[in-house]
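The sequence and the model are shown first.

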Amino acid sequence: MTDIKIKITDREGVLHEVDAPTDMNMNLMELVRSYELAPEGTIGVCGGMAMCASCQCYVKSDHDLPEKSDDEEAMLAEAFYVEDNSRLGCQIHLTEELHGLEVELAPES
């Protein structure tokens, strides 16, 4: 089992450095939920289907992430508080290459 470290700034501005397993096929949204870094019912509302943008986050580090899918692009086009570095957490799968990733949760819509 390989865990990586990820830094997540929650919606209150508090930084959390968390361990993230790379052997469970988890995504960033599921990680935030498992550490309860956002109130229940405010993140991952659609269950990780790229249909709600409740898991939108800002990528602060310079990691090479996979390209956005058409579904992710479409959802971000309709979301609030979108920035150039916005991504949907449900579309970022946890891999060893993401060790040290830094993200900030976008404000709740």
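Is Asp19 buried, exposed or partly exposed? Asp19 is partly exposed, with a relative accessible area of 31%. The model under discussion is a predicted one, and the values below are computed from it.

## Salt bridges

Three salt bridges are present in the structure.

| Salt bridge | N to O distance |
|---|---|
| Asp19 and Lys5 | 2.7 Å |
| Lys60 and Glu104 | 3.2 Å |
| Glu72 and Arg87 | 2.8 Å |

In the salt bridge of Asp19 with Lys5, the closest N and O atoms are 2.7 Å apart. Because Asp19 belongs to strand 2 (residues 15–21) and Lys5 to strand 1 (residues 3–9), the pair ties together parts that are 14 residues apart in sequence. Lys5 is partly exposed, at 34% relative accessible area, and Asp19 is likewise partly exposed, at 31%.

The side chains of Lys60 and Glu104 also meet in a salt bridge, at 3.2 Å from N to O. This pair links distant parts of the chain, 44 residues apart: Lys60 sits in the loop between strand 3 and helix 2, while Glu104 sits in strand 5 (residues 102–105). Glu104 has a relative accessible area of 27% and is therefore partly exposed.

Glu72 and Arg87 make a salt bridge in which the closest N and O atoms are 2.8 Å apart. Here too distant parts of the chain are linked, with Glu72 in helix 2 and Arg87 in strand 4 (residues 86–88), 15 residues apart. Both Glu72 and Arg87 are buried.

Arg87 can also be related to Cys55: their C-alpha atoms are separated by 8.3 Å, although the two residues are 32 apart along the chain. Cys55 lies in the loop between helix 1 and strand 3. With a relative accessible area of 4%, Cys55 is buried, as Arg87 is.

## Negative surface patch

Which residues gather in a patch of negative charge on the surface? The patch consists of Asp62, Asp64, Glu67, Asp70, Asp71 and Glu73. One of these residues, Asp64, is placed in the loop between strand 3 (56–59) and helix 2 (70–78). Asp64 has a relative accessible area of 74%, so it counts as exposed, the cut-off being over 50%.

## Aromatic pair

The structure holds one aromatic pair. Its members are Phe80 and Tyr81, whose rings are tilted, with 6.4 Å from centre to centre and 55° between the planes.

## Positive phi values

Most residues other than glycine have a negative phi. Against that background, two residues deserve mention. Phi of Glu36 is near 50°, a positive value in a residue other than glycine. Glu36 is located in the loop between helix 1 (28–34) and strand 3, and with 67% relative accessibility Glu36 is exposed.

Ala50 likewise has a positive phi, near 60°, and is not a glycine. Ala50 is placed in the loop between helix 1 and strand 3. Is Ala50 buried or exposed? Ala50 is buried, since its relative accessible area is 9% and the limit for burial is under 20%.

## Separations within the fold

Ala38 is a further residue of the loop between helix 1 and strand 3, and at 11% relative accessibility Ala38 is buried. Two C-alpha separations place Ala38 relative to other parts of the chain. Glu12 and Ala38 are 26 residues apart in sequence and 9.2 Å apart in space, C-alpha to C-alpha. Glu12 belongs to the loop between strand 1 and strand 2 and is exposed, at 70% relative accessible area.

How values were computed. Residues are numbered from 1 along each chain as its sequence is written. This is a predicted model: local features need pLDDT of at least 70, side-chain atom pairs count only at pLDDT 80 or more; totals for chains, interfaces and linings use all residues. Side-chain values use heavy atoms; hydrogens and water are left out. Rings of Phe, Tyr and Trp (its six-membered ring) pair if their centres lie within 6.5 Å; planes under 30 degrees apart count as stacked, over 60 as edge-to-face and the rest as tilted. Patches are made of residues with over 30% relative accessible area and no salt bridge: like charges are joined within 9 Å, nonpolar side chains (Val, Leu, Ile, Met, Phe, Trp, Tyr) within 5 Å. Accessible areas come from the Shrake-Rupley method with a 1.4 Å probe; for residues, only the protein chains shown count as cover. A salt bridge is a side-chain nitrogen of Lys or Arg within 4 Å of a carboxyl oxygen of Asp or Glu. Lys and Arg count as positive and Asp and Glu as negative; His and the chain ends are not counted. The place of a charge is taken as NZ of Lys, CZ of Arg, CG of Asp or CD of Glu. Helices (H or I, at least four residues) and strands (E, at least two) are DSSP runs, numbered from the N terminus. Buried means under 20% relative accessible area, exposed over 50%, partly exposed in between (1.4 Å probe, protein chains only).
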